[in-house]
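Subject: Structure handover

Hello,

Below is the structure I said I would pass on. My notes on the disulfides and on one helix follow it.

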Amino acid sequence: GDGPVFLCVGGEGPPLTGAAVFSSVHCNIAVEHLEEFGALMFAIEHRYYGCHNMSACPYAATDAKPLKWLSSRQALADIAAFHKYATIEFTLPPKTMWVTFGGSYPGMLASWARLLYPERIYASISSSAPVHAKLDMPEYNDLVARAYSLPSVGGSASCREMIAAGHAVIGQMLSTPVGRSVLASKFATLRGLGPEWLESREHQARFAGDGVAAFPAQSNDPSCEQPACSVGKICSLLSAAPGSPVDKLAVLTATQMGAGLIQPHANRAALTEEKLLNMRLTSINRSSTFANAPLDYWGYQTCTEFGFYQTCEVGSGCFFTQGLVDLNSSIQFCNSQFGIAREAIEEAIERSNTFYGGLRPDIRFGPKAASRILYVNGDVDPWSALAILESHNPRSLPAIGNVSGASHHFWTHPSKPTDQKTVIEARGAIVSQLHKWLG
């Protein structure tokens, strides 16, 4: 009929399957309201992150420069090409209203598709999208720490201070042989390695630079069932655990290791670069038999477009051991893997912000294209630091910038009875905005 088209935009993960149109991590608002809007739904996979077999990839295993087509601009051109294809293939009326949906990098693409192709994309729901590129992103870990002070998810000021105090003492202990020996005996993740393993800065960073345990903020789920799997459960455990802040962190680490949430460091020797954005190759890439599939697609895009390097510098708000994860160590792989120097990364970031408009797409694209985009973010999500939280054009570019207690695009996940009231309300606000736009 004359209903709209809902387009779920693919990105760096999870890989798209047919489930994307009935149980989608990024687009389930579209899924759950298809009938209400009389909509047709498509899900389009990103040309690189779909490289689970040779036919799905835009390059051959023998190509000298297999990543040359990997960019957000190319992905957006693919969306425009798919619009043309689907319009013909499904005999869609010329005035069909297309709405893009996505969270995180797909959320960035969803909004930019409307900006670049306003004649094809009618509106966009852009969830948890860090649309402002930045080289050094200390804000990420600053907001991780802040999440542990929020009562809405079971955090408190004392919980945040306890974690920060423990990591500060651990930093001091790492500087002496006696301290390293105590840590090696105290923390379950270090068993079998010995204090000498902690002598190198690389191993110190792996142990404490991003936290001695798992501290979910981006992925926080208040309804998770494992021990110490959420902000609230971690803060409760730390409060009840005996001893000093370091002792409490050791108890937390042992609990999470016993629950399978983290592994001993002896079992995860390749973690150094996996921490770059808490996401790397998808499982489908890792299991591929295609020779070039294990290439670091997202890492390449950070070097050539976005930056987003999450540091924990001395004097920042980061509550891990400060000074172990700095900018130089975070960007080193760009040069070693791809031959891209820091100056080139900085230039690429500036180009991205100039091209897409960063936090002010209304200035870059004008009122016609920069309209009918809804930006939605949660206050537990560290990526919200580089997202549009408050619109300068609330009528044409509305923003829901403070979904209380919500982590990274949590409202785009399939609805569950355990969902927070604020998440349910955010979904309602999104659907209400769609009704205003679609009529």
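A residue is called buried here when its relative accessible area is under 20%, exposed when the area is over 50%, and partly exposed in between, with a 1.4 Å probe and protein chains only. Please keep in mind that this is a predicted model, in which local features need pLDDT of at least 70 and side-chain atom pairs count only at pLDDT 80 or more, while totals for chains, interfaces and linings use all residues. Residues are numbered from 1 along each chain as its sequence is written, and side-chain values use heavy atoms, with hydrogens and water left out.

Disulfides

A disulfide is taken as a pair of cysteine sulfur atoms within 2.5 Å. That rule gives 5 disulfides. Three of these links are described here, among them the one between Cys 159 and Cys 235.

In that link the sulfur atoms are 2.1 Å apart, and the torsion of -85 degrees about the S-S bond makes it left-handed. It connects distant parts of the chain, 76 residues apart: Cys 159 lies in helix α6 (residues 157–173) and Cys 235 in helix α9 (residues 231–240). Helices are DSSP runs of H or I with at least four residues, strands are runs of E with at least two, and both are numbered from the N terminus. Cys 159 is buried at 2% relative accessible area, and Cys 235 is buried at 6%.

Cys 224 and Cys 229 are also joined, with an S to S distance of 1.9 Å. The torsion about their S-S bond is about 95 degrees, so this disulfide is right-handed. Cys 224 is buried at 17%, as is Cys 229 at 11%.

Cys 312 is bonded to Cys 318 at 2.0 Å, S to S. Here the torsion is about -95 degrees, so the disulfide is left-handed. Both Cys 312 and Cys 318 are buried.

Helix α16

Helix α16 (residues 421–438) has 18 residues, and at 1.5 Å a residue it should span 26 Å; its end C-alpha atoms are 26 Å apart, in agreement. The expected span is 1.5 Å times one less than the number of residues.

Its buried residues include Val 423, Ile 430, Leu 434 and Trp 437, and also Arg 427 and Gln 433. Viewed down the axis, the buried residues of α16 fall within an arc of 155 degrees, so they line one face of the helix. The arc is that of the directions from the helix axis to the C-beta atoms. The face turned away from the buried side carries the exposed residues Lys 421 and Lys 436. Just after α16, Gly 439 has a positive phi of about 80 degrees.

Regards
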